[in-house]
Amino acid sequence: MVLALLDAGEKVIVLDDLSTGFRWLVPEAAKFIIGDVGDAALVDAILAEHEIDAIAHFAAKIVVPESIGDPLRYYLNNTAKARNLLECAVRGKIKHFIFSSTAAVYGEPPVTPIDETFPLAPINPYGRSKLMTEWMLKDAAKAHGLKFAILRYFNVAGADPKGRLGQSSQSMPNATHLIKVAVQAALGLRPGLEVFGTDYPTRDGTCIRDYIQVSDLVAAHLMALDYLRKGGESLICNCGYGRGVSVLEVVDAVKRVSGADFKVRISGRRPGDPASLVAGTKRIKAVLGWTPEYDNLPTIVGQALEWERQLRNKSITGEPAGANSLACDAV
Ligand code: UFG
């Protein structure tokens, strides 16, 4: 998002506590402030010092099983700190607020694709922590005239097509997302991959997800910002392709694209995983005029693989080999 905003000629200020990201991944052209969105004095000072018309709030914990083991950390980070940021936004008279929400707010939907009017019934603390922020945002917007775009991400994947950035984690065992784990296995960076459950009511028994390429997702943010600036009403929309892929289909795609036949072990279900999440995409297309550019699993896998090779080649905790990159750790 920072790269895309800069490419579009916007001025950008990044506030990040670097708990999961890297300073060297933030482009030089953006002003960088290390800090916490939960620090009201800091956020107030930033808003007072600069002319800011929009906040895009990405700062969140995003790992479903981690949220089950440590729910209060999720409610602190994703809910309480978001409340703080919102209060500062209201005080600072910010006009537009873009919020990274999640498909996890729908819980275990009985049918797919899911449209935005489906019941909201999250089945894990991660989804609940985000849903509470949606509610706060709606209430605050109504009371204080703020306009918002709540974007419910399905499964974010891939990397910048220009190879400038991709999903990065502080150390390899921290990576938990399927495509990232699979490409690490393909590159021999981990011994193999575990498939969490083959007894779901899906076509091959494994979970189905709607993987959306990160630049397509970023494009939706830019369009939402433009829409709000032109006077559009507050908006909630799904971000996905409307097409589901199973865990085994992802594994197969990674094997084919990489040419590596890594080990796959079938194990039991992972707590908190719904069987199938596929986005209804009518609204995002109708309201924002969004059309995806990278709706192709082998392309997405190829980008993830390329980024993982770059990380491997430059040792991600050391100095960067190239300057212009941004950690994508808040999806
Ligand atoms: N999976 C495996 N093996 C792995 C990793 C994942 O089998 O090593 C499976 C999971 O069990 C799940 C699927 O692959 O069925 C996708 O899992 P991810 O961890 O990649 O992603 P999640 O669907 O759990 O969650 C992601 C984001 C959330 C977001 C959600 C919405 O982490 O922020 O998608 O669908 F809300």
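How many nonpolar, polar and charged residues does the lining of the second largest pocket have, by class? The answer is 29 nonpolar, 11 polar and seven charged residues. In this scheme Ala, Val, Leu, Ile, Met, Phe, Trp, Tyr, Cys and Pro count as nonpolar, Asp, Glu, Lys and Arg as charged, and the others, Gly among them, as polar.

## About the model

This is a predicted model, in which local features need pLDDT of at least 70 and side-chain atom pairs count only at pLDDT 80 or more, while totals for chains, interfaces and linings use all residues. Residues are numbered from 1 along each chain as its sequence is written, and side-chain values use heavy atoms, with hydrogens and water left out.

## The second largest pocket

Let us start with the open space. On a 1 Å grid over the protein atoms alone, a pocket is an open set of points with protein on both sides within 12 Å along at least five of seven lines, a cavity is a set where a 1.4 Å probe fits but cannot get out, and lining residues have an atom within 4 Å of a point. The second largest pocket has a volume of about 910 Å³, taken as the space filled by probe spheres set on grid points that are joined across faces, edges and corners.

Its lining counts 47 residues, and Asn155, Thr176, His177, Leu178 and Arg270 lie nearest the centre. Two or more lining residues come from each of α3 (64-69), β6 (155-157), α6, β7 and α10 (297-314); these helices (H or I, at least four residues) and strands (E, at least two) are DSSP runs, numbered from the N terminus.

## The ligand and its shell

The ligand takes up the space of this second largest pocket, a molecule being placed in a pocket if more than half of its atoms lie within 2 Å of the grid points. The elements giving two or more residues to the shell around the ligand are α6 (178-186) and β7 (192-196). The largest share, three residues, is from β7.

There are 21 residues around the ligand, and Thr102, Asn155, His177, Glu194 and Asp273 come nearest; a residue is near a molecule if one of its heavy atoms lies within 4 Å of it. By class, this shell has 13 nonpolar, four polar and four charged residues.

Now for the polar contacts, which are pairs of N or O atoms within 3.5 Å. A polar side-chain atom of aspartate 273 is 2.6 Å from a ligand oxygen. For arginine 270, a side-chain N or O atom lies 2.7 Å from an oxygen of the ligand. Leucine 178 uses a backbone N or O atom, 2.8 Å from a ligand oxygen. The protein buries 95% of the 680 Å² that the ligand exposes when taken alone, with accessible areas from the Shrake-Rupley method and a 1.4 Å probe.

## Enclosed space

The structure also holds two cavities of 30 Å³ or more. The second largest cavity has a volume of about 30 Å³. Tyr211, Tyr241, Arg243, Val245, Asn296, Leu297 and Ile300 line this cavity.

## Backbone details in the loops

Threonine 112 and proline 113 are joined by a cis peptide bond, with omega about -10 degrees. Proline 113 belongs to the loop between β4 (96-102) and α5 (125-144).

Leucine 18, in the loop between β1 (13-16) and β2 (31-34), has a positive phi near 55 degrees. Lysine 93 likewise has phi near 55 degrees, and sits in the loop between α4 (71-91) and β4.

Methods
Polar contact = N/O pair within 3.5 Å; in protein donor to acceptor, adjacent residues only side chain to side chain.
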